Amino acid sequence: MATNIIKLNKGSDFSSVIIWKDSSGNAVDLTGYTVAIYGADDYLAANMTASITNASAGEITLGLEWSESMGTRDNQHYFRVRITQGSYDVSTNLLYFEVT
């Protein structure tokens, strides 16, 4: 399982768009799906957002508002993204912010 690193400068907010793709590299239509952050420590989860911003294009926007409590922790903050539709549940590989 791959780990994906998102670099974050200490004290900075973060926003990024990711496109959910199928095994052929085509964007997955996320109409009717929900997205959430999970597997993160409370201090990270409280400051993160995930939303589907263009369902037909498979677009998900991740956001993080910097909190000073993050600066007192290790410099790696782990989380996953969960995408669900009814009983269908897809979870990403492990992702993490690396604070520099």
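What follows is a working chat about the predicted model shown above.

Visitor: How many helices and strands are there in the protein?
Guide: The model is predicted, and the protein in it has two helices and eight strands.

Visitor: In what order do the elements run from the N terminus?
Guide: The order is β-β-β-α-β-β-α-β-β-β.

Visitor: What percentage of the residues count as buried?
Guide: Of the 100 residues, 33% count as buried. The accessible surface of the protein is about 5800 Å², and carbon and sulfur atoms account for 44% of that surface.

Visitor: And the contacts, what share comes from residues 24 or more positions apart?
Guide: Taking contacts with a separation of 6 or more, 62% are between residues 24 or more positions apart.

Visitor: Which residues have the most contacts inside the largest nonpolar core?
Guide: I37, L44, I60, L62, F79, V81 and I83 do, in a core of 21 residues.

Visitor: Take I60. What does I60 touch, beyond residues up to four places away in sequence?
Guide: I60 touches S16, V17, I18, W20, L30, V35, S51, I52, T53 and I83.

Visitor: I18 then. Where is I18, and is it buried or partly exposed?
Guide: I18 is in strand β2. Its relative accessibility is 27%, so I18 counts as partly exposed.

Visitor: Switching to rings. How many aromatic pairs are there?
Guide: The count is one aromatic pair. The ring centres of Y33 and Y88 are 6.2 Å apart and the planes are at 80°, so the pair is edge-to-face.

Visitor: Where do Y33 and Y88 lie in the chain?
Guide: Y33 is in the loop between β2 (14-19) and β3, and Y88 is in strand β7 (residues 88-91). The pair links distant parts of the chain, 55 residues apart.

Visitor: Why does Y33 count as buried?
Guide: Y33 has 19% relative accessibility, and buried means under 20%. Y88 has a relative accessible area of 45%, so Y88 is partly exposed.

Visitor: How many salt bridges does the structure hold?
Guide: One salt bridge. R82 forms a salt bridge with D89, and their closest N and O atoms are 3.3 Å apart. Side chains of opposite charge can pair when their charged atoms come close.

Visitor: Are R82 and D89 buried or partly exposed?
Guide: R82 is partly exposed at 30% relative accessible area, and D89 counts as partly exposed at 41%.

Visitor: Which ring does the charged end of R82 sit over?
Guide: The ring of Y38, with the charged end 3.8 Å from the ring centre.

Visitor: Last one, N26. Where does N26 lie?
Guide: N26 is in the loop between β2 and β3. N26 is partly exposed, at 45% relative accessible area.

Visitor: What is N26 in contact with, leaving aside neighbours within four places in sequence?
Guide: N26 is in contact with W20 and K21. N26 and A57 are 31 residues apart in sequence and 9.2 Å apart in space, C-alpha to C-alpha.

Conventions. Residues are numbered from 1 along each chain as its sequence is written. This is a predicted model: local features need pLDDT of at least 70, side-chain atom pairs count only at pLDDT 80 or more; totals for chains, interfaces and linings use all residues. Side-chain values use heavy atoms; hydrogens and water are left out. A nonpolar core is a set of buried Ala, Val, Leu, Ile, Met, Phe, Trp, Tyr and Cys residues joined through side-chain atoms within 4.5 Å. Buried means under 20% relative accessible area, exposed over 50%, partly exposed in between (1.4 Å probe, protein chains only). Contact means heavy atoms within 4.5 Å. Rings of Phe, Tyr and Trp (its six-membered ring) pair if their centres lie within 6.5 Å; planes under 30 degrees apart count as stacked, over 60 as edge-to-face and the rest as tilted. Helices (H or I, at least four residues) and strands (E, at least two) are DSSP runs, numbered from the N terminus. A charge sits over a ring if NZ of Lys or CZ of Arg is within 6 Å of the ring centre and within 35 degrees of the ring normal. A salt bridge is a side-chain nitrogen of Lys or Arg within 4 Å of a carboxyl oxygen of Asp or Glu. Accessible areas come from the Shrake-Rupley method with a 1.4 Å probe; for residues, only the protein chains shown count as cover.
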